[in-house]
Amino acid sequence: MTVLAAVTTTVPYESTQQAIGYPTLFLLVLIGALVPVIPTGALVSSAAVVAFHQTAPFSLALVFVTASTAAFLGDATLYWLGRRGMRSKNGSRWLEAIRSRAPEERLTQAQEKLAEHGVAVLVLSRLVPAGRLPVMLACLLAEWPMRRFARGNLPACLAWAVTYQLIGILGGSLFSEPWEGVVAAVALTLVISVAPGMWRRMRKASSGEP
């Protein structure tokens, strides 16, 4: 009876979690793609930790589908808004938002890599912290049509979702309590996001660049 009671208590709890969690994850990742102030990678990793500890089948698969779909739709919407801004005489606030997060140095690098490697650069841009918007702006300046951008961005979003989900699975497997795995996953994603910037600053400091 004790086991039966535990099962009947756990299943409704997990069902409630899923009913709230997946739509919330979708909305936050979608908004994070449009307004890049939300740590979407940490969100995906945290959701993967929770799914890892659930008994319901396909929980991890649902996290993957939800996150990658939201990221793709968010990127596609932002690119479409950016294209509208490029065609407008006065630009748009969305285009300015992309420009503000694409420093000249990073934009130049993105344009060079885009000219050399084409669509493959989009996949890497999603995996490199702060690399998505410079590459997106480079695509806008190169006047890539929406279809070409979407074709390259789809595998980029899939690779991004897999990467951060694996971080979550790692955190979930190391700790028995979900909250401990969430803390570990969030800490790891934060380290990954700040490490490249710190490395660039250290290189500049060692070379004496301003």
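Visitor: Is Y164 buried or exposed?
Guide: The relative accessibility of Y164 is 10%, in a predicted model where local features need pLDDT of at least 70, side-chain atom pairs count only at pLDDT 80 or more, and totals for chains, interfaces and linings use all residues. Residues are numbered from 1 along each chain as its sequence is written, and side-chain values use heavy atoms, leaving out hydrogens and water. Buried means under 20% relative accessible area and exposed over 50%, with partly exposed in between (1.4 Å probe, protein chains only). By that criterion, Y164 counts as buried.

Visitor: By about how many helical turns are W160 and Y164 separated?
Guide: Helices (H or I, at least four residues) and strands (E, at least two) are DSSP runs, numbered from the N terminus. W160 and Y164 both lie in helix α8, four residues apart. Their separation is therefore about one helical turn.

Visitor: How many aromatic pairs does a search of the whole structure find?
Guide: Rings of Phe, Tyr and Trp (its six-membered ring) pair if their centres lie within 6.5 Å; planes under 30 degrees apart count as stacked, over 60 as edge-to-face and the rest as tilted. With this criterion, the number of aromatic pairs found in the whole structure is two.

Visitor: How many residues apart in sequence are the parts that the pair of Y79 and F149 ties together?
Guide: Y79 and F149 are stacked, with 4.0 Å centre to centre and 5° between the planes. Y79 belongs to helix α3 (residues 59–87) and F149 to helix α8 (residues 146–174), so the sequence separation of the parts that this pair ties together is 70 residues.

Visitor: Is the pair of W160 and Y164 stacked, edge-to-face or tilted?
Guide: Y79 and F149 are both buried. For W160 and Y164, the ring centres are 5.9 Å apart and the planes stand at 55°, so this pair is tilted.

Visitor: Which residue lies over the face of W160?
Guide: W160 is itself buried, at 3% relative accessibility. A charge sits over a ring if NZ of Lys or CZ of Arg is within 6 Å of the ring centre and within 35 degrees of the ring normal. At 4.7 Å from the ring centre, the residue over the face of W160 is R126.

Visitor: At what distance from the ring centre of W144 does R148 lie?
Guide: R148 is placed over the face of W144. Its distance from the ring centre is 4.0 Å.

Visitor: With which residues is V44 in contact, leaving aside neighbours within four places in sequence?
Guide: V44 is part of helix α2 (residues 40–52). It has a relative accessible area of 1% and is therefore buried. Contact means heavy atoms within 4.5 Å. The residues in contact with V44 are L25, V29, V63, A67, W160, A161, Y164 and Q165.

Visitor: Which residues does Q165 touch, not counting those up to four places away in sequence?
Guide: Q165 is situated in helix α8. Its relative accessibility is 6%, so Q165 counts as buried. The residues touched by Q165 are V44, A48, L60, A61, V63 and F64.

Visitor: How are α3 and α4 oriented to each other?
Guide: Axes are lines fitted to C-alpha atoms, for helices over the stretch in contact, and angles run from 0 to 180 degrees between N-to-C directions. Angles under 35 degrees count as roughly parallel, over 145 as roughly antiparallel, 65 to 115 as roughly perpendicular and the rest as oblique. Helix α4 (residues 93–100) packs against α3 at an angle of about 105°, the axes being 7 Å apart. The two helices are therefore roughly perpendicular.

Visitor: How do the residues of the contact of α3 with α4 divide into nonpolar, polar and charged?
Guide: L78, L81, G82, G85 and M86 of α3 meet W94, L95, I98 and R99 of α4. Ala, Val, Leu, Ile, Met, Phe, Trp, Tyr, Cys and Pro count as nonpolar, Asp, Glu, Lys and Arg as charged, and the others, Gly among them, as polar. The residues of this contact divide into six nonpolar, two polar and one charged.

Visitor: Which residues does G118 touch, not counting those up to four places away in sequence?
Guide: G118 is found in the loop between α5 (104–117) and α6 (120–127). With 12% relative accessibility, G118 counts as buried. The residues that G118 touches are K113 and W144.

Visitor: How many of the 10 residues of helix α7 are buried?
Guide: Helix α7 spans residues 132–141 and is largely enclosed by the rest of the structure. Its buried residues include P134, M136 and C139.
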